[in-house]
Amino acid sequence: MAAKNKVEVWLRGPLPGILPALQPVAHAILQAQEELNEIMEDFPETMLWQSPAGVASAGFHLQHMAGVLDRLLTYAKDKMLSTDQLQALAAEGKQQQNITVNLLLERFNRQAELAIAQIKNTLPDDLFETRGVGRAQVPSTVMGLLVHAAEHTMRHLGQLLVTVKIVKSTTQ
């Protein structure tokens with residue numbers, strides 16, 4: 001569901017500077033970025049925190065998608081989450097006065113750019129290096145974290161698409 005009359009990112013060919021094994025990861029993140037910016041264009045601020053039928057709000061999904069990229073890529077770098085990252089995680093889904101659609105889009109777009117840069121800098125020998133996830137340091141790999149970052153982002157994009165359609169339909 002890319003922008004109208006556009007070929008989806010994965011069909012546009014290989015992305016320069018990215019390992020063949022990580023092409024699908026980068027394609028998914030860039031596809032999510034394109035679709036997210038398209039569906040949120042002109043989205044009313046008053047609807048950002050609406051939760052139709054108790055589902056997560058558009059605001060939550062926007063916060064969470066940026067946060068997931070940030071957190072999983074931190075683990076892929078073999079680092080623990082910072083205090084700021086933990087505070088951002090705790091704030092996900094909570095309505096805040098100064099949070100706007102544009103601010104949330106800027107945050108996601110920035111995280112997507114950082115993700116692509118990190119993917120470009122990932123070396124073949126690092127793909128199957130073990131990385132700990134969370135405080136419990138559950139074992140994963142760099143590849144596992146990058147793939148999960150992309151698929152989790154796409155999962156929330158799908159949920160956001162439905163939430164946005166439902167919320168917008170209630171005002172028509």
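The legends below describe close-up views of a predicted model.

Residues are numbered from 1 along each chain as its sequence is written, and side-chain values use heavy atoms, without hydrogens or water. Local features need pLDDT of at least 70 and side-chain atom pairs pLDDT 80 or more, whereas totals for chains, interfaces and linings use all residues.

View 1. Helices here are DSSP runs of H or I with at least four residues, and strands are runs of E with at least two, numbered from the N terminus. E92 is buried, with a relative accessible area of 13%; buried means under 20%, exposed over 50% and partly exposed in between, for a 1.4 Å probe and protein chains only. Beyond its neighbours within four places in sequence, E92 is in contact (heavy atoms within 4.5 Å) with F60, Q63, H64, G67 and R71.

**View 2. Packing of helix α2 (residues 58-76) against α3**. The two axes, lines fitted to C-alpha atoms over the stretch in contact, lie 10 Å apart at an angle of about 150°. Angles run from 0 to 180 degrees between N-to-C directions. The helices α2 and α3 are therefore roughly antiparallel, a term for angles over 145 degrees. Q63, D70, R71 and T74 of α2 meet Q85, L89 and A91 of α3.

**View 3. Two residues with positive phi, D42 and Q137**. Most residues other than glycine have a negative phi. D42, in the loop between α1 (23-39) and α2, has a phi of about 60° and is exposed at 70% relative accessible area. Q137, between β1 (130-133) and β2 (138-141), has a phi of about 55° and is partly exposed at 35%.

How values were computed: Parallel < 35°, antiparallel > 145°, perpendicular 65-115°, else oblique.
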